[in-house]
Amino acid sequence: MKAIVINSADNVAVALEDLKKGSLVETSKGSVTLLDDITRGHKFALRDIAQDEGVIKYGYPIGKAKELIKKGSHVHVENVKTALSGQKGYSYTHTTSPLPSPLDLEFMGYERADGRVGIRNELWIIPTVFCVNHVAQELCAYAKEVLENYPHVDGCLALTHPYGCSQMGEDQETTQRLLAALTRHQNAGAVIVLGLGCENNNIGVFRKFLDENDPRIAFLNCQDETDEDEAGRKLVDRMLAFADRSRRTPQKLSKLRIGLKCGGSDGLSGITANPLIGRVSDLLVASGGTSVMTEVPEMFGAEQLLMNRARDEATFEKIVKLINDFKGYFQSHGQTVSENPSPGNKAGGITTLEDKSLGCVQKGGHAPVNGVIRYTHSIENSGLSLLQAPGNDGVSCTALAAAGVNLILFSTGRGTPFATVVPTLKISTNTPLYEKKGGNWIDFNAGSIAQGADPDELALKLMDLIVRVASGEKSVSEKRGFNEIVIWKDGVTM
């Protein structure tokens, strides 16, 4: 199969391999002689599309034709324009789809005192301010040197960031709430909060956002110490010993929480990797587990599909607010809501934000939307939830971690080495990317779907990998030590 028609209502097909001008391509809607070269992931017209007529992909409009597009022509930014607008009203038409049978699987995890289950038992060193980032990295390096003395501790992470001082109002509180959420994460067996002493977010202020009764948290204020390195090493030894008391035990799949993310997307993202992640999300939800999807701007153009899956009217209203508030955020900065997709997305075949969004939301499968989570807030419901965060890979992955996901399924068509503080499994949308970056950036290949692999069988293989990683097997990014956080900033720096 050289090209795919995703939905019977579509008037474009997507190339599954590079196709030459003049080629006769067979599709499920008839044969097409190509009038242009079509790169893998890009679209061509199945029939003439009149000027201002909707361009249909996934069964929905991804924009309007700027001009007459002849059958067999390349369909992309040169001849398609977005139809997105700003804030609007929505109606609720409740829809449901059957979920797959639950899986009787277990993973080996760390049960915490509050009943949540971690898949890592790590020491996290969290600076209150960027001034002590290097001290945090030095202490983390020391922890790794002595880790062999603590066989039940999986590692140490320094959660460095550029904030914590010279911020004002909501911006400072956002930093505090985000860092506080990370101190509570179930993948951390112990946490050291590392302060300087004179920063806006000093330990005395930051404590107001923390659970003072949490024995996993210890504090070190560098300006109070003659030798912060010596004091820090003693504290590292103490907190590693504390974390070392934890043990992995068998846990039901219902205890697992996964985040759903895509980055460096291409024209195959919505055909291979994202629907595959959606199948896995549905399997997890059917088994009582939790999945969280974010990247709100990459819901624009597909939001009605998610709204109709809201479990009830109240949840529908929360999704409407989520979408319209985010559009208002764009407009308050004088930006259009349709500026996405990125240059890399366009090079990979994604034409408009509607095109990107309709592919992006495939990660959410078909499960009902059970909740909406505000940025820096924690998961409240099992099943599928939507999280308030932008599309930026660093900010959205950090937001997922702060919400409490154990790991992230991250699809990519262009490739990216980025990973956050929870295991981040990279899933390639195309086989050439996996062949180039497998074992270096990529954990799993969904590109084989384009070559005819059974998506349901592949979903079970991906679930097997998830269970193995949840039980202690390291992801590619973990092996390379990639673990970053990025905080969403929207305010004044003094």
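The largest nonpolar core has 104 residues, among which Trp124, Leu182, Leu256, Leu409, Val421 and Ile466 touch the most other members. Helix α12 (residues 455–470) gives the most to this core, with 9 residues. A nonpolar core is here a set of buried Ala, Val, Leu, Ile, Met, Phe, Trp, Tyr and Cys residues joined through side-chain atoms within 4.5 Å; buried denotes under 20% relative accessible area, exposed over 50% and partly exposed in between, with a 1.4 Å probe and protein chains only. A second, separate core comprises 29 residues, including Val129, Leu139, Cys140 and Leu147.

The model is predicted: local features need pLDDT of at least 70, side-chain atom pairs count only at pLDDT 80 or more, and totals for chains, interfaces and linings use all residues. Residues are numbered from 1 along each chain as its sequence is written, and side-chain values use heavy atoms, with hydrogens and water left out.

Leu409 touches Ile258, Gly259, Leu260, Lys261, Ile277, Val280, Leu425, Ile427 and Ile466, residues up to four places away in sequence not being counted. Contact means heavy atoms within 4.5 Å.

**Helix packing**

Two packed helices are described by the angle between their axes and the distance between the axes. Axes are lines fitted to C-alpha atoms, for helices over the stretch in contact, and angles run from 0 to 180 degrees between N-to-C directions. Helices (H or I, at least four residues) and strands (E, at least two) are DSSP runs numbered from the N terminus.

| Helix pair | Axis distance | Angle |
|---|---|---|
| α5 (residues 273–286) and α12 | within 9 Å | roughly 65 degrees |
| α2 (residues 169–183) and α10 (residues 393–403) | within 8 Å | roughly 55 degrees |
| α1 (residues 133–146) and α4 (residues 228–243) | 10 Å | about 50 degrees |

Angles under 35 degrees count as roughly parallel, over 145 as roughly antiparallel, 65 to 115 as roughly perpendicular and the rest as oblique. Helices α5 and α12 are therefore roughly perpendicular, whereas α2 and α10 are oblique to each other, and α1 and α4 are oblique to each other. A crossing is left-handed if the near helix is turned anticlockwise from the far one by less than a right angle, and right-handed if clockwise. The crossing of α5 and α12 is right-handed.

In that pair, Leu276, Arg279, Val280, Leu283 and Leu284 of α5 meet Pro455, Asp456, Leu458, Ala459, Leu460, Leu462, Met463 and Ile466 of α12. This contact of α5 with α12 has 11 nonpolar, no polar and 2 charged residues. For these classes, Ala, Val, Leu, Ile, Met, Phe, Trp, Tyr, Cys and Pro count as nonpolar, Asp, Glu, Lys and Arg as charged, and the others, Gly among them, as polar.

Helix α2 passes α10 in a left-handed crossing. Leu178, Ala181 and Leu182 of α2 make the contact with Thr398, Ala401 and Ala402 of α10. The residues of this contact divide into 5 nonpolar, 1 polar and no charged.

Helices α1 and α4 cross in a right-handed manner. Their contact residues divide into 7 nonpolar, 1 polar and 5 charged.

Helix α10 is mostly covered, with 10 of its 11 residues buried. What covers its buried residues includes α2, β17 (257–262), β18 (290–293), β20 (383–387) and β21 (407–412). Ser396 lies in α10 and is buried, with a relative accessible area of 0%. Beyond residues up to four places away in sequence, Ser396 touches Lys261, Thr294, Glu295, Ala389, Pro390 and Gly391.
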